[in-house]
Amino acid sequence: MPHYLRILIITSLIATLSLPINPEAAAQSVTGLVAQALDNPDFDWNSIRCDKVILYYQAGTFAGRHRQALLRSAELAISEVLVFMNESEYNRILHVFYVGSREEMNTLVGRTYTGLATWTASGVFLVSNPEWRSFDKHEITHVLTMGMWGAPDSTSRWMVEGVAIYNDGWCREYSVDEIAAELLSQNKLPPLERLFANFRELGEINAGIYAASFIGFIRETYGADKVYDLWKNGTADIERILDSSTDQLAKSWKSYLLNEVGDDFDVDLEAINDKGCG
Ligand SMILES: [Zn+2]
């Protein structure tokens, strides 16, 4: 091998070995579901990492082939969610696990979910295959909001999924606001009071999209600090926090939506309800 080539290879090896790992983050030990996943004998993990993310995948899988893109996607998700939250830094390592199917997810975490977040152990578990896009940003939003802000006030539990779906941003090929506009035009969204009080009874898609679009409106109109205020102090206090009546908020959200989406949208709700958002 020519000498210059050898030097090149050694240099690039050194560059790979000396990735800029944050020393504070590197000192953190793995716990909880993350530790269990790493110890799970049914999985032979490979990993790649950047400063704040370690991505685990199995050789020869769809996620394995896309690992560089998935690593960048996770890294970008962290920085975008921090902007949403108006926070400057997430000071833990995020562990991102990829499997290829719901069955594998069941083997890994005992649930057939397509995504799961553990904010206590700073990890997310995701299904990715050619037929299913992973909701990495959704689960990463759970880790950052619950991990950094703590659990919401009991009257703001509707926000937990809302912030995650808003940050993920889309479902199938449609934006959150396009689907909200479609649901609204079909009179499928009840008054805001019902969203706040009966989130779980509105149906997963309707409730999630409604919450996400309304949170986007609050974030864009009033700023991140008001989203946090509402999260911590409770939706029971929304009229004081946003200095507006609930009726007025509903009207303002509808005109925000019209402004965001216009009237030229065509959303296949049936496909969403049949196949989900992946
Ligand atoms: Zn979620």
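Student: Which residues of helix α3 are called buried, and what makes them so?

Tutor: In helix α3 (residues 32-39) they are Leu-33, Val-34 and Ala-37. A residue is buried if 20 or more other C-beta atoms lie within 10 Å of its own, exposed if 12 or fewer, and partly exposed in between; C-beta atoms are placed from the backbone. This is a predicted model: local features need pLDDT of at least 70, side-chain atom pairs count only at pLDDT 80 or more, and totals for chains, interfaces and linings use all residues. Residues are numbered from 1 along each chain as its sequence is written.

Student: Why are the buried residues of α3 said to line one face?

Tutor: Seen down the axis of α3, they fall within an arc of 105°, so they line one face of the helix. The arc is that of the directions from the helix axis to the C-beta atoms.

Student: What makes α8 roughly perpendicular to α11?

Tutor: The axes of α8 (residues 158-168) and α11 (residues 204-222) cross at roughly 75° and come within 7 Å. Angles under 35 degrees count as roughly parallel, over 145 as roughly antiparallel, 65 to 115 as roughly perpendicular and the rest as oblique. That makes α8 roughly perpendicular to α11.

Student: Why do β1 and β4 count as edges of the sheet?

Tutor: Five strands form an open sheet, ordered β1-β2-β3-β5-β4, with mixed pairing. Strands pair if DSSP finds at least two bridges between them. β1 (45-49) and β4 each have a single partner strand, so one side of each is left without a neighbour in the sheet.

Student: How do you know that β4 and β5 pair?

Tutor: They share four bridges, in the antiparallel sense; at least two are needed.

Key:
Helix = DSSP H or I, 4+ residues; strand = E, 2+ residues; numbered from the N terminus. Axes fitted to C-alpha atoms, helices over the stretch in contact; angles between N-to-C directions.
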